[in-house]
Protein chains: 2
Amino acid sequence: MFKINENYLKLPGSYLFSTIGKKVAAYTEAHPDKTIIRLGIGDVTQPLAPAIIDSMHKAVDEMGVKETFRGYAPDLGYEFLRTAIADNDYKSRGADIAADEIFVSDGAKCDSGNIQEIFSIDNKIAVCDPVYPVYVDTNVMSGRTGTYDEKTEMWSDVIYMPCTADNHFAPDFPKETPDLIYLCFPNNPTGSTIRKDQLQGWVDYANKNGSVIIYDAAYEAYIAEEDVAHTIYECEGARSCAIELKSFSKNAGFTGVRLGYAVVPKDLKCGEVSLHALWARRHGTKYNGAPYIIQRAGEAVYSELGKEQLKKQVAYYMNNAKVIKEGLQSAGYTVSGGVNAPYIWLKTPDRMTSWEFFDYLLETANVVGTPGSGFGPSGEGYFRLTAFGSYENTIAAVERIKAL
Amino acid sequence: MFKINENYLKLPGSYLFSTIGKKVAAYTEAHPDKTIIRLGIGDVTQPLAPAIIDSMHKAVDEMGVKETFRGYAPDLGYEFLRTAIADNDYKSRGADIAADEIFVSDGAKCDSGNIQEIFSIDNKIAVCDPVYPVYVDTNVMSGRTGTYDEKTEMWSDVIYMPCTADNHFAPDFPKETPDLIYLCFPNNPTGSTIRKDQLQGWVDYANKNGSVIIYDAAYEAYIAEEDVAHTIYECEGARSCAIELKSFSKNAGFTGVRLGYAVVPKDLKCGEVSLHALWARRHGTKYNGAPYIIQRAGEAVYSELGKEQLKKQVAYYMNNAKVIKEGLQSAGYTVSGGVNAPYIWLKTPDRMTSWEFFDYLLETANVVGTPGSGFGPSGEGYFRLTAFGSYENTIAAVERIKAL
């Protein structure tokens with residue numbers, strides 16, 4: 001008789017955003033007259049930039065003609081896209097990453113979930129707390145996290161690095177040495193980031209301790225301050241200890257287009273074994289490449305016209321961030337984030353729990369946000385709002401919250 | 001110090017098609033004047049059907065306009081596509097599968113690699129021999145296959161079900177009872193299939209023994225004979241023992257478009273635990289949906305115009321299959337497949353090994369095929385040619401082989 005992967009049963013409840021979706025659906029059904037404004041899930045709302053649309057039309061046409069039709073893509077991505085990424089995201093910043101160290105994928109969520117597969121089940125992971133749920137949940141599914149304590153909402157074999165107002169939302173080095181360290185800067189969900197010299201400290205720490213940093217740089221395009229690294233490979237020594245994950249979802253609005261990439265430098269080794277080779281083997285065996293049309297869309301992100309158009313798109317969302325941040329501050333909320341990231345992280349008022357504030361905001365202001373506790377125990381008492389709504393909705397949501 | 005997943009190191013050599021690619025590249029470099037005809041990898045060559053192209057242009061336009069822009073897709077697929085699949089691939093055949101039992105993905109390769117994750121590491125798998133390499137390799141990566149014997153080219157903990165001329169390429173029930181049974185009909189690589197009553201036998205066997213059948217129906221569109229099931233759910237009892245995987249790659253030429261789906265019926269349970277819920281959890285945590293544009297392309301596959309155009313595309317490839325089959329037979333080869341599948345499976349002449357015949361064909365006829373032994377030990381002495389080339393190339397390849 002077959003058996004299931006029992007690790008799945010350890011996962012508490014359902015995925016955070018599914019729970020939110022169900023709560024909102026129930027509220028909407030009960031109050032069909034109310035207009036909900038969603039500033040919860042980090043989903044973009046602006047249409048794709050014209051340069052990207054043009055590029056996709058062209059690629060669609062190519063697929064309809066025998067001479068230019070493309071079948072299976074190269075497993076690791078088309079050369080035209082890998083070169084554009086290497087040139088624009090790395091060489092232009094003085095970071096030494098070659099095109100063949102870039103693995104094109106269908107998004108950073110998949111990569112951040114799959115990357116743990118190439119590591120031993122015995123490896124111990126460290127995560128920021130609060131954290132993007134996918135890092136922990138995918139390690140739970142693999143059996144790497146021990147047992148769950150419902151009271152503390154923590155896993156016995158996970159090293160949590162609290163990020164709260166006390167440490168300005170920047171993790172301290174953990175007491176116990178981890179094998180894998182998940183870092184995400186600019187951070188989801190707190191919207192904060194760390195300076196380049198702080199990131200260099202993490203690279204040094206990883207190299208010294210034989211740890212691998214899985215660096216999620218999905219929000220890199222939102223960096224506004226000078227002393228923040230755009231890629232971990234700006235730090236010396238990162239090639240021997242860091243994997244970087246990048247998304248096209250937030251810089252180019254590709255949440256419904258699906259494109260991302262992972263960088264696995266050839267210097268990253270466990271003894272004689274190259275992690276680059278392991279990840280290539282995984283890609284070649286379990287993945288079949290991103291669609292040609294979508295890879296051409298990715299290429300357009302790096303065209304002169306694309307860059308210009310997307311700069312405006314990022315500015316549009318960052319203006320929303322400013323509106324939320326200043327509006328909430330003027331209403332007396334304690335707020336952080338929103339400077340180098342499209343997320344606003346606020347302290348819930350009146351000692352409400354995160355979910356209490358979620359219900360309160362949904363029911364009184366008809367605004368949907370994300371409860372901080374959904375991202376980990378240290379997120380309790382916090383709440384995330386995103387800048388990815390339309391300007392009109394963002395203004396309206398802030399007015400509603402201010403009127404409470 | 002971090003450690004890697006040691007199971008990856010057990011994988012012998014590199015992925016079959018990478019090896020072929022390297023051999024062909026080396027030959028081409030040494031003989032730049034030769035024109036290679038590729039009938040190796042199962043990649044399509046005909047352009048996408050006009051109905052699909054039109055549908056994608058429309059979807060691209062929608063993504064460029066604020067009012068119709070789409071962000072994150074529903075994890076499990078858009079309702080419009082899931083309904084089209086349920087209606088056309090199941091209801092129309094009298095198979096009882098609901099839209100919410102269908103999980104849209106970026107292709108059957110990914111699904112067939114990922115599906116093992118929801119099962120226990122202790123489960124024992126059975127595969128046909130020869131077999132599509134992804135089934136075994138992904139189980140190796142998870143540590144489910146024991147040790148590899150280089151001499152027999154077999155894994156200690158895998159149950160092999162030989163499919164050779166002796167049993168008309170239809171597997172017999174194994175002596176040892178497996179937990180998971182991978183079946184693919186019409187078959188890759190042998191091009192053979194089994195009758196519906198034989199498939200019913202497998203469903204009965206699985207239900208009796210508490211096994212799960214992972215049924216890869218990627219080549220369903222090529223079925224020409226009346227007594228062959230188009231879906232395993234035509235068999236009574238399949239809802240409680242079978243997962244079906246489908247691809248759009250071969251029926252609609254989507255190898256470079258990337259779309260597929262898995263069917264996990266709600267009746268499929270391990271005790272109280274529904275596999276449908278486990279797979280939904282995996283999708284929600286590790287995957288972020290297929291691109292909107294691509295899902296609209298999938299929808300067009302089921303439009304009246306799309307169906308008509310794709311029927312012609314399948315007929316085009318099946319005419320190639322006929323050309324290869326009859327050509328090789330007239331040249332004295334022993335050939336099977338090519339009736340309900342786009343693959344021709346031939347016995348290598350003069351007791352050549354599969355790789356010897358690969359080299360011989362590459363060097364003397366400049367035709368690339370796939371060595372049968374690359375699909376498993378019982379594939380030794382066989383060779384696969386695909387019907388996915390252009391008609392002109394197929395004719396030319398057959399002429400070259402006949403002239404040897």
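User: How do the axes of helix α2 and helix α11 of chain A cross?

Analyst: In this predicted model, the axes of α2 (residues 16-30) and α11 (residues 354-365) of chain A come within 11 Å and cross at roughly 35°. Axes are lines fitted to C-alpha atoms, for helices over the stretch in contact, and angles run from 0 to 180 degrees between N-to-C directions. The helices themselves are DSSP runs (H or I, at least four residues), as strands are (E, at least two), numbered from the N terminus.

User: What is the handedness of the crossing of α2(A) and α11(A)?

Analyst: The crossing is right-handed. A crossing takes that name if the near helix is turned clockwise from the far one by less than a right angle, and is left-handed if anticlockwise.

User: Which residues make the contact, and of what class are they?

Analyst: Contact means heavy atoms within 4.5 Å. From α2(A) come Leu16(A), Thr19(A), Ile20(A), Lys23(A), Val24(A) and Tyr27(A), and from α11(A) come Trp355(A), Phe358(A), Asp359(A), Leu362(A) and Glu363(A). By class there are 7 nonpolar, 1 polar and 3 charged residues; Ala, Val, Leu, Ile, Met, Phe, Trp, Tyr, Cys and Pro count as nonpolar, Asp, Glu, Lys and Arg as charged, and the others, Gly among them, as polar.

User: Why do β2 and β6 of chain A stand at the edges of the sheet?

Analyst: The open sheet has 7 strands in the order β2-β10-β9-β8-β7-β3-β6 (chain A), with mixed pairing. Each of β2 (102-105) and β6 (158-162) has a single partner strand, so one side of each is left without a neighbour in the sheet.

User: What makes β10(A) a partner of both β9(A) and β2(A)?

Analyst: Two strands pair if DSSP finds at least two bridges between them. There are 4 bridges between β9 (residues 242-247) and β10 (residues 260-263) of chain A, running antiparallel, and 4 join β2(A) to β10(A), also antiparallel. Opposite Ala262(A) stands Leu245(A), opposite Tyr261(A) stands Lys246(A), and opposite Val263(A) stands Ile102(A).

User: How confident is the predictor in chain A?

Analyst: Chain A averages a pLDDT of 96, and 100% of its residues score at least 70, on a per-residue confidence scale from 0 to 100. Local features need pLDDT of at least 70, and side-chain atom pairs count only at pLDDT 80 or more, whereas totals for chains, interfaces and linings use all residues. Residues are numbered from 1 along each chain as its sequence is written, chains are lettered from A and ligands numbered from 1 in the order in which they are written, and side-chain values use heavy atoms, leaving out hydrogens and water.
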